[in-house]
Amino acid sequence: MYFSVAGIKGMFLANKKIDNQVKTFITYNKGRDWRLLQAPDTDLRGDPVNCLLPYCSLHLHLKVSENPYTSGIIASKDTAPSIIVASGNIGSELSDTDISMFVSSDAGNTWRQIFEEEHSVLYLDQGGVLVAMKHTSLPIRHLWLSFDEGRSWSKYSFTSIPLFVDGVLGEPGEETLIMTVFGHFSHRSEWQLVKVDYKSIFDRRCAEEDYRPWQLHSQGEACIMGAKRIYKKRKSERKCMQGKYAGAMESKPCVCTEADFDCDYGYERHSNGQCLPAFWFNPSSLSKDCSLGQSYLNSTGYRKVVSNNCTDGVREQYTAKPQKCPGKAPRGLRIVTADGKLTAEQGHNVTLMVQLEEGDVQRTLIQVDFGDGIAVSYVNLSSMEDGIKHVYQNVGIFRVTVQVDNSLGSDSAVLYLHVTCPLEHVHLSLPFVTTKNKEVNATAVLWPSQVGTLTYVWWYGNNTEPLITLEGSISFRFTSEGMNTITVQVSAGNAILQDTKTIAVYEEFRSLRLSFSPNLDDYNPDIPEWRRDIGRVIKKSLVEATGVPGQHILVAVLPGLPTTAELFVLPYQDPAGENKRSADYLEQISELLIHKLNQNSVHFELKPGVQVLVHAAHLTAAPLVDLTPTHSGSAMLMLLSVVFVGLAVFVIYKFKRKIPGINAYAQMQNEKEQEMISPVSHSESRPSVPQTELRRPGQLIDEKVESQLIGK
């Protein structure tokens, strides 16, 4: 916390924490040098104060009131530049106890104690009159006046009835001697205004002989901010009204000394008083923006304090000197984005900044390759101060390279920029039902499909730790039956989207494809929410039509048109413990469902007046039972039977001409068809085949096969 002393340029008071102790310091050259405040020699009663620097000093509270009706606990005035009034304490550090009021009439060089309690102080007559009023919650009727800059105080009564004071205001104007006190006589009374006019105290205006010169100084040093300033101050024994502020009598510049200079940017003052480069600063970097043949200001490590008016002396020695720019090869080349990020959005401007620590920038060729087949060239860095704007039309990771060349050398830098587009939707694609211990593939389908660099985080089964991949699909197995959830989170830039699906895992199940009457397609928007709702409606219709418990049925409406669905018959352990998990039981439920579907018994009302009929489209090519050796062999026998029957039909068709019975039967069938459509008589078209040769096809096949076996 600091306080700027009014009327004296470059003078500040500041509180600084040192070794967990808050101390008050003062400066006369804008912070170039600081020192502690010398405590008063005596206290209010005239007893000596034994306070030796730097172990003991005066410490002040530097808070300024934000309320215009109450003064702060420190005050100064432009028209009274030498007078400072503040509250504080004497000791090793600033304290909130044992607070007293102190005044300095020589701009902080020496201090006097004026009250042992906090008071509000008002400046009247350009500081020629100081008015003090006690800080208290009790009603008061007296105030204190000082006509000699706080050396002595007189007690005055401003009201006959004690007043709870809420604030004090001075009348505006340079010659004001009027103040207004406002408050209330009791907590229930209205505000009271008391106007106090001190004009009657003075019987004349001050003349020239009533003033004396006073020189601003800092512990005897007369040059403050490079100038000597002499002010006119009213003699303390003269009781006259000052009127308008006379200001400084004289001000003339001083010869510059080392004290008028502070350390330049990048330099630090060391214990020997010299300004040396800081560890992070490279003095040669000052010449990085100049070109061969030009010049720059080479710092000496010092700069004159701002607003300092000194002349001559060491000014030339400490002032920065013009110096010819050296020829330098490019060094410390960097390329970054304007916002410091390594990502950009497709189709939007990205601003790239080229930075060079040193080099002949005016005669340098800069080539920038954006990595997407486009490159640009510049002749100097000054044309790139606002950055290079570029728009990427595709997503991906682009290698941005910049090459800088001049007559003395070259340098290059690389930036890998990730160009993405916003990820709008994630859909997790996986089977609705799978077999226990069978590998399952899950794929994250994105919209749009190309969004740049992605990270996939997967949770499945009972895993507490996620699986993190850079690919949009994974494979896994479930070792236990039941319903399992799979969640995928896709991270694209700052956006993270996720989708969750449920998959049923069983040892055995059945599957049936469903189709619907065509009117359902007219109302199919082909969105996941609609498909989930229709699936629940179809399941309810199946349960009502067949009486099969809902735990046995899972319906999944498939994407696309025409509308189709997959009906899964799942095992279920009822509460009574009855075994409802066998293959025969699942087959019975499947047959019942097919029977009801074929009878057109399953239907639902999509909307009033729109009835949708559910059909059995077809069974899967093979029963959806895991055919691995770990399961029952009945399904394998069924499959083998179908294969053998198909093979027998193929053999009969292929070799039917070699079997007489088959040929005769075929001829008889052809003639019978001709008899039905031919215009000729029966006697003409009747075949001449003996009656004993007519056999049913099965008998002929059996005989032919038997004869072949006997012959062998």
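A salt bridge is a side-chain nitrogen of Lys or Arg within 4 Å of a carboxyl oxygen of Asp or Glu. The legends below concern a predicted model, in which local features need pLDDT of at least 70 and side-chain atom pairs count only at pLDDT 80 or more, while totals for chains, interfaces and linings use all residues. Residues are numbered from 1 along each chain as its sequence is written, and side-chain values use heavy atoms, with hydrogens and water left out.

**Figure 1. The salt bridge between Arg531 and Asp526.** The closest N and O atoms of Arg531 and Asp526 are 2.6 Å apart. Arg531 counts as buried, at 12% relative accessibility, whereas Asp526 is partly exposed, with a relative accessible area of 33%. Buried means under 20% relative accessible area, exposed over 50%, and partly exposed in between (1.4 Å probe, protein chains only). Side chains of opposite charge can pair when their charged atoms come close. In total, the structure holds 16 salt bridges.

**Figure 2. A salt bridge between Glu208 and Lys232.** The side chains of these two residues meet with an N to O distance of 3.6 Å. The pair links distant parts of the chain, 24 residues apart: Glu208 lies in the loop between strand S16 (192-197) and strand S17 (211-215), and Lys232 lies in strand S18 (residues 227-234). Helices (H or I, at least four residues) and strands (E, at least two) are DSSP runs, numbered from the N terminus. Glu208 is exposed, with a relative accessible area of 55%; Lys232 counts as partly exposed, at 23% relative accessibility.

**Figure 3. A network of salt bridges that includes Arg269 and Asp262.** The network links Arg32, Asp33, Glu258, Asp262 and Arg269. Within the salt bridge of Arg269 with Asp262, the closest N and O atoms are 3.7 Å apart. Arg269 is partly exposed, with a relative accessible area of 30%.

**Figure 4. A nonpolar patch on the surface, formed by Tyr265, Phe279 and Trp280.** Together, the three residues have about 480 Å² of accessible area. Patches are made of residues with over 30% relative accessible area and no salt bridge; like charges are joined within 9 Å, and nonpolar side chains (Val, Leu, Ile, Met, Phe, Trp, Tyr) within 5 Å. Accessible areas come from the Shrake-Rupley method with a 1.4 Å probe, and for residues only the protein chains shown count as cover. Tyr265 is placed in the loop between strand S20 (261-263) and strand S21 (267-269). Tyr265 is exposed, its relative accessible area being 61%.

**Figure 5. The packing of helix H2 (residues 528-546) against helix H3 (residues 583-598).** The two helices pack at an angle of about 95°, and their axes are 10 Å apart. This angle makes H2 roughly perpendicular to H3. Axes are lines fitted to C-alpha atoms, for helices over the stretch in contact, and angles run from 0 to 180 degrees between N-to-C directions. Angles under 35 degrees count as roughly parallel, over 145 as roughly antiparallel, 65 to 115 as roughly perpendicular and the rest as oblique. From H2, Leu542, Ala545 and Thr546 meet Leu592, Leu593, Lys596 and Leu597 of H3. Contact means heavy atoms within 4.5 Å.

**Figure 6. Two cis peptide bonds, one at Pro448 and one at Pro562.** Trp447 and Pro448 are joined by a cis peptide bond with omega of about -5°. Pro448 belongs to the loop between strand S36 (440-447) and strand S37 (455-460). A cis peptide bond also joins Leu561 and Pro562, where omega is about -5°. The loop that holds Pro562 runs between strand S43 (553-557) and strand S44 (564-569).

**Figure 7. Positive phi values at Ala107 and Met225.** Ala107, a residue other than glycine, has a phi near 60°. Its place is in the loop between strand S8 (100-104) and strand S9 (112-115), and Ala107 counts as buried at 0% relative accessibility. Met225 is not a glycine either, yet its phi is about 55°. Met225 sits in the loop between S17 and S18 and is buried, with a relative accessible area of 2%.

**Figure 8. Leu124 and Leu177, brought together across the sequence.** The two residues are 53 residues apart in sequence and 5.7 Å apart in space, C-alpha to C-alpha. Leu124 is part of strand S10 (residues 119-124) and counts as buried, at 0% relative accessibility.
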